[in-house]
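Biologist: I am new to this structure. Please show me how to read its packing.

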Amino acid sequence: MRDVWSLYSEKVMEHFKNPRNVGEIENPDGVGHVGNPVCGDIMELYIKVKDSTIVDAKFKTFGCGAAIATSSMVTEMVKGKSIDEALEISNRALAEALDGLPPIKMHCSVLAEEALKSAVEDYLRKSKHVLSEAKEKKGSNKSE
Amino acid sequence: MRRIYLDHAATTPTQPEVVKAMLPYFTNAFGNPSSIHSYGQEAKGAIEEARDKVAALIGAPSEEIVFTSGGTEADNFALKGVAFANEGKGNHIITTSIEHHAVIETCKFLERRGFRVTYLPVDAYGLVAPDDVRKAITDKTILISVMHASNEVGTIEPITEIGKIAGEASVYFHTDAVQTVGHIPVNVDDLGVDLLSLSAHKLYGPKGVGVLYIRKGTWLVPFMHGGDQERRRRAGTDNVPAIVGFGKAAELAQKDLSKEAERLTSLRDELIKGLLERIDHIHLNGHPTIRLPNNVNVSVDFVEGESMLLNLDLEGICASTGSACSSSSLEPSHVLLALGLSPEQAHGSLRFTLGRENTEEGIECVLEVLPRVVAKLRAMSPLLKSHR
Ligand code: FES
């Protein structure tokens, strides 16, 4: 018999026990807020962006062990990545980085992927806004 | 690491005395009770002795005890057996919305076969109103099935009152007593039931054996067809060692039933009180007093059950939850929803079910560990903020 029987891989349990980057970022550049339609859980992801690179990420999650571990993993993976690179992180990649998830828990990693996408989209929306605001400002300056 | 097992509603450890009683029936006394020779008769004697002991535990005559493979089979047997034998009389069955899956799924199966099933609601404590049962009876009603006590929230149903109503209406009455037999006094005549399901492994017996009590004169079709075992009501070579184990477990349960119930009730209340005191935004599920001596079920706001369970398990505490995340269907417990809990509250539910090995020390350990676990998870909960 094995010594320890566990639903999850050691890696999942390690992230579950010591989740990285728990919390919120003040004045974030992007926020993703998603709910899991399968079981009703919630994940929030905050990112800080500098020169198109994600420099910080934090999360808050209401959900199972897999949801907490994938949240923790996504914040680790995304740091230092460009916006384009971040958009390429898939739920499979997250699950793989955690040495796999039980099949029934794959939907929790989808939640993490979606939280990331929605945070990045929020950033892009805001930055466009900032950009156009800046342009407007320039325009009005000229007319003065 | 020391482990504290608080999931006795799921299963209980087989008592050493029970195992000891079973062992000879694997080896020396291995006979088939249907055989005429001495090996067979030795085994036959053993199962009849076990039958007497189980019968004594529920105040029934031995002939009305039928051994099955467990509680699920007993439930299936009762419902399908009565339904298919009484189709000519009617096609209506009354049950409740908080039954065990073994009853609910069997009812759904019967619905697909043309039967009509009424699922009665329960109040916020999980209690069924006897009057609702009375009102639901029609001239087509052939069976009423109401569980004796909820395996999830521990609420004990008014079976005696419902039994009277069923008796007056001459409708067969079944109760799933898997969680009560061996834990609180159960007497088939006092309860007024025609059929009653029980399971050995919930009362410190082995897995794989149960009983359906069938009152004499109850009309139902056999569950298994084959040999003549169990007075032709349940064919198949008898699981002799398990049946002997069940008998021993029943005997032991009867011995100190009231003392153990009292001991567990006081541990239960200590745990409930301690949890309500030490954790804010926590609610007791089920009835505060009309509940099983060993059941504590709470909902903790803003946190999810599986993540609480995993954290408790890391500290050696083994409990259970009705959270959607931990169910294979990813749906919250139908029982908690029937009590009127929101899906979020069901999400944060935790069930501790106490047993023989548990002591004051184990309770104190939970009271020390759980507040820490909840604080840790709340710190990462996005729900808490929106609440504030
Ligand atoms: S978050 Fe609900 S199952 Fe993972």
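Biologist: At what angle do helix 2 and helix 8 of chain B pack?

Modeller: Two packed helices are described by the angle between their axes and the distance between the axes. In this predicted model, helix 2 (residues 38-57) and helix 8 (residues 240-255) of chain B pack at about 35°, with axes 8 Å apart. Helices are DSSP runs (H or I, at least four residues), numbered from the N terminus; axes are lines fitted to C-alpha atoms over the stretch in contact, with angles from 0 to 180 degrees between N-to-C directions.

Biologist: Which residues of the two helices make the contact?

Modeller: Contact means heavy atoms within 4.5 Å. Among them are Ala43(B), Ala46(B) and Ile47(B) of helix 2 of chain B, and Val240(B), Ile243(B) and Phe246(B) of helix 8 of chain B.

Biologist: Why is helix 2 of chain A largely enclosed?

Modeller: Buried means under 20% relative accessible area (1.4 Å probe, protein chains only), exposed over 50%, partly exposed in between. In helix 2 of chain A, 12 of the 14 residues are buried, so the rest of the structure largely encloses it. The buried residues include Ile68(A), Met73(A) and Val78(A). After this helix comes Gly80(A), with a positive phi near 90°.

Biologist: How many residues of chain A are in contact with chain B?

Modeller: 27 residues of chain A are in contact with 22 of chain B. Together the chains bury about 1900 Å², 69% of it on carbon and sulfur atoms. Buried area is the accessible area (1.4 Å probe) that two parts lose on being put together, summed over both.

Modeller: Residues are numbered from 1 along each chain as its sequence is written, and chains are lettered from A in the order in which they are written. Local features need pLDDT of at least 70, side-chain atom pairs count only at pLDDT 80 or more, totals for chains, interfaces and linings use all residues, and side-chain values use heavy atoms, leaving out hydrogens and water.
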